[in-house]
Amino acid sequence: MPRKEDSLNEQLIDLLQGEKIVSLITTDKDTNKPNLSIVSWLVALDGNTIKFALGHKAESAFNIDKNPELILGVVGAGSCYSINGRGTVSDVIDKTMKYRVVTVEVDSVEDVIFYGGKVTQEPDYVKTYDADLAKKLDEEVYTLLKA
């Protein structure tokens, strides 16, 4: 991939179909300083649109409401990427838990790994709460995100 593009390539679209550790950088609504959080309920719908879900009281949702500029940091597809975009936040969606869905319009995608670097193993994680609840929440959220 060239260093900077204006949309996600097919490899990144395929990668961003959920269950990935993705960094979310927003601007704190009170301090105007960078704010870092992690999301995993995330789906790239196409090269220009990504949706992710947050809990309804997530600080990131309030930050995006005030300043829609955000960055998604992705490790995978052999490199590290900075996806810059503008987010819009849904109203609260009341299901098994209360969610807000953020829709990101991608402005640019940049390969930001250091010179000569290549990712050989992607980050992985496990869910440490009830497996049945995890499955129910995942199915619910991905139905919302793909709508």
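View 1. The model is a predicted one, in which local features need pLDDT of at least 70 and side-chain atom pairs count only at pLDDT 80 or more, whereas totals for chains, interfaces and linings use all residues. Residues are numbered from 1 along each chain as its sequence is written, and side-chain values use heavy atoms, with hydrogens and water left out. E3 provides the largest share of the lining, three residues, and the lining as a whole includes Ser-37, Ile-38, Val-39, Ala-53, Leu-54, Tyr-125 and Asp-138. The lining residues divide into eight nonpolar, two polar and two charged. About 170 Å³ of space lies in this pocket, where a pocket is an open set of points on a 1 Å grid over the protein atoms alone, reached by a 1.4 Å probe, with protein on both sides within 12 Å along at least five of seven lines, and lining residues have an atom within 4 Å of a point.

View 2. Phe-52 lies in E5 and, at 0% relative accessibility, counts as buried (under 20% relative accessible area, with a 1.4 Å probe and protein chains only). Leaving aside neighbours within four places in sequence, Phe-52 is in contact (heavy atoms within 4.5 Å) with residues including Leu-24, Val-39, Trp-41, Ile-64, Arg-100 and Leu-145. Phe-52 and Thr-103 are 51 residues apart in sequence, yet their C-alpha atoms lie 6.8 Å apart in space.

**View 3. The largest nonpolar core.** Among the 26 residues of this core, Leu-8, Leu-16, Leu-42, Ile-50, Phe-52, Leu-72 and Ile-83 touch the most other members; a nonpolar core is a set of buried Ala, Val, Leu, Ile, Met, Phe, Trp, Tyr and Cys residues joined through side-chain atoms within 4.5 Å. Elements giving two or more residues to this core include helix H1 (10–15), strand E7 (79–89) and strand E9 (98–111), and E9 gives the most, with four residues. A second, separate core of 11 residues includes Val-43, Tyr-99, Leu-137 and Val-141.

**View 4. The buried face of helix H2.** Ser-60, Ala-61, Asn-63 and Ile-64 are buried in H2. Seen down the helix axis, the buried residues of H2 fall within an arc of 160°, so they line one face of the helix, the arc being that of the directions from the axis to the C-beta atoms. The elements that cover these buried residues include E2, E3, E5, E6, E7 and E9.

Conventions:
Points joined across faces, edges and corners; volume = space filled by probe spheres on them. Nonpolar A, V, L, I, M, F, W, Y, C, P; charged D, E, K, R; others polar. Buried < 20%, exposed > 50% of the residue type's maximum accessible area, 1.4 Å probe, protein only.
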